[in-house]
Amino acid sequence: MSTPYPFTAVVGMDDLRLGLLLNAVSPAVGGVLVRGEKGTAKSTAVRALSALLPGVPVVSGCRFSCDPGAPDPACPDGPHEATDGVSRDARMVELPVGASEDRLVGALDIERALADGVKAFEPGLLADAHRGILYVDEVNLLHDHLVDLLLDAAAMGASYVEREGVSVRHAARFLLVGTMNPEEGELRPQLLDRFGLTVEVAASRDPDQRVEVVRRRLAYDDDPAGFAARWADEESELRARIVAARALLPSVRLGDPALRQIAATCAAFEVDGMRADIVMARTATALAAWAGRPDVTADDVRQAALLALPHRRRRNPFDAPGLDEDKLDDTLRESAGDGDGHDGGDDDPGPDGPDGGGGGGLPPQRDGDGGPGDTPQQQEPAADGSDTPAQQQPGESAPAAPGGGGEQAAAKAAEPFRTRMLSVPGLGDGAAGRRSRARTEHGRTTGSRRPQGALTKLHLAATVQAAAPHQRARGRSGRGLVVRRDDLRQATREGREGNLVLFVVDASGSMAARQRMSAVKGAVLSLLLDAYQRRDKVGLVTFRGKDAEIALPPTSSVDAAAARLDTLPTGGRTPVAAGLLKAREVLRVERMRDPSRRPLLVVVTDGRATGGPDPVALAARAARLHEAEGVASVVVDCETGPVRLGLAGELAQQLGGTAVTLDELRAESIAGLVKDVQSTSSRRAA
């Protein structure tokens, strides 16, 4: 077994270390989400945490880690007799992004269940993680069906496995720790809220600290065991401090003044639900225990807010996580300032006493690495697309004359709206999502087939139908059905897949009228929001002047696409053909990388091709290449005014797709956009 990197040897990263340690002191805090750029020791710190956790007493031989003091009466390995049990190290179980459902929750042997009536169950990762840590690296890339299973287990503290009427339940209470790089896409709001705390990490810009990081990493790589031995004393001290804080935790007092500050803070930042209040209370209590104090102070409440609220105040995927610390300080002062306050909360402090006592909520760390001070650093990424385009300062210059070569400052986007459903016709086999019809592991059952490899979803009726004619030949002599492996049938299911939505946006001079470009950006932003909700990959190609460029290669990060859209300048001629050919090249490369993900081409233009010899004919030829390759396409017609040339509609016909106006793109429109796309494709197939 490899020697883990010592937790106390991590340089800086005070917020990250504190968030992990608070969960070690009080697992009820609810886990931690670590957000940050690649190469910032996120995974290293999480893996090092398990070595600091106290040992776990378990029932000997129980695969589900039952506590000998209070064994689970429904344990599949039970019932357990009273025993002293044995102690083992706390586990850190890693959930791979590409894991199967059976690997996560466990697998039932359906053949034995049908033939012998035996519940043969192989525990999964949730059972392994019970009373330990469940770690998900790149948690934002986790498949939706695994996210749903995680949410269920986290909410109920138990895992249920059901296969065609055969059911197994076992306890699954774990500390959920996830790491993610926001550039690769955001996390589903439901899972985001399940993490108690969130911390932002970024590489230090201090040369001395960077030198120390490299020095320690090289020393560890050269001699892991020797490096760990040099940090053994610090590790032992930190482990003892965790044990002491756990012992103190039940006696820490959370008084009414602190509770009122917590409630006022959550209300001031308009977080949804009550989970934030509960997590803040638990975090503030853990902070006091970690600092060795019997009472929660105002500093503890402030620190708890900085850890528990940033990810809960997002209203859409383009909002940056974080808190306005000035607003936070004002709220805390107002809720704790007046003894004659409006709520009467400070009239009787009771045994809890007033807030006071030094130390605050963030005690000094033991490693002495010269990291940042006691105040967490809120990272505001410079260009991650998290600020909504409405915050962009628009340029004031007048638009250039149509066809001119002048570049205009970026216009701000109009307010986004809910769009109509766009989907790719036919039945795909892509990754699970929420857009187009596809054969999936989840969804409604549409038929059966012989299993290819391990059986995952049994089609019971088809299995019985296959086994029934052979019962006499197999010597059936009772009520049970004699089932052989050849009888088993896999259920085929139809659900939804995520697609590659490639935007091809006209940024030429003909689009440069400020109101028009603002409306166009608002429409594309709305489609990006829709792509985020439907778990699509997105890409962005723009064309203007003499050529087209890939503004954003296909990615799962829709907020990155929004950032590129936000700063998109306009001006020059309209090389429609160049934009379509560049899009064709992007789709060709993506088809080789991910052949099962079907593309949806969204062309945003008024269709007025200009520049070069015969630009209209060139655009038509480029469009027919996409039609010949069967690419589903939609042209968003940006033409406005009383006189319309209808060029975008002609381009849509050449693409074999459909054209919609900006007004028809809205969900409130009476236009049936999905039917239009599908009927157009059906006519093309005919």
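Select residues 576-593, helix α18: its 18 residues, at 1.5 Å each, should span 26 Å, and the end C-alpha atoms are 26 Å apart, which agrees. The expected span here is 1.5 Å times one less than the number of residues. Helices (H or I, at least four residues) and strands (E, at least two) are DSSP runs, numbered from the N terminus.

This is a predicted model, in which local features need pLDDT of at least 70 and side-chain atom pairs count only at pLDDT 80 or more, while totals for chains, interfaces and linings use all residues. Residues are numbered from 1 along each chain as its sequence is written, and side-chain values use heavy atoms, with hydrogens and water left out.

Stay on α18 and colour by burial. Buried means under 20% relative accessible area, exposed over 50%, and partly exposed in between (1.4 Å probe, protein chains only). The buried residues in α18 are V576, A577, A578, G579, L580, A583, V586, L587 and E590. An α-helix has 3.6 residues a turn, so residues three or four places apart point the same way.

**The whole chain**

Zoom out. The protein chain has 21 helices and 20 strands, and 51% of its 686 residues count as buried. Contact means heavy atoms within 4.5 Å. Of the contacts in the chain with a separation of 6 or more, 79% are between residues 24 or more positions apart.

**L527**

Next, select L527 in helix α16 (residues 514-533). L527 has a relative accessible area of 4% and is therefore buried. Leaving out residues up to four places away in sequence, L527 touches T419, L422, F503, V602 and L665. F503 is 24 residues from L527 along the chain, and their C-alpha atoms are separated by 9.4 Å.

**Helix α13**

Select residues 298-308. Nine of the eleven residues of α13 are buried, so this helix is largely enclosed by the rest of the structure. The buried residues are D300, V301, R302, Q303, A304, A305, L306, L307 and A308.

**Backbone points**

Go to M13, in the segment before α1. M13 is not a glycine, yet has a positive phi of about 55 degrees; at 16% relative accessibility, M13 counts as buried. Then go to E270, in the loop between α11 (256-268) and α12 (275-291). E270 also is not a glycine and has a positive phi of about 55 degrees, but at 56% relative accessibility E270 counts as exposed. Last, select G78 and P79, which are joined by a cis peptide bond with omega of about 0 degrees. P79 lies in the loop between β2 (56-58) and β3 (86-88).

**Helix pairs**

For the pairs below, axes are lines fitted to C-alpha atoms, for helices over the stretch in contact, and angles run from 0 to 180 degrees between N-to-C directions. Angles under 35 degrees count as roughly parallel, over 145 as roughly antiparallel, 65 to 115 as roughly perpendicular, and the rest as oblique. A crossing is left-handed if the near helix is turned anticlockwise from the far one by less than a right angle, and right-handed if clockwise. Ala, Val, Leu, Ile, Met, Phe, Trp, Tyr, Cys and Pro count as nonpolar, Asp, Glu, Lys and Arg as charged, and the others, Gly among them, as polar.

Select α1 (residues 14-25) and α2 (residues 42-49), which pack at about 25 degrees with their axes 11 Å apart. These two helices are therefore roughly parallel, and α1 passes α2 in a right-handed crossing. L16, L20 and A24 in α1 meet K42, A45, V46 and L49 in α2. By class, this contact has six nonpolar, no polar and one charged residues.

Move to α10 (residues 232-248) and α12, packed at an angle of about 125 degrees with axes 8 Å apart. That makes α10 oblique to α12. On the α10 side, select L238, R241, I242, A245 and L248; they meet A289, W290 and A291 in α12. This contact has seven nonpolar, no polar and one charged residues.

I262, A263, T265 and C266 of α11 make the contact with A276, D277, M280 and A281 of α12.
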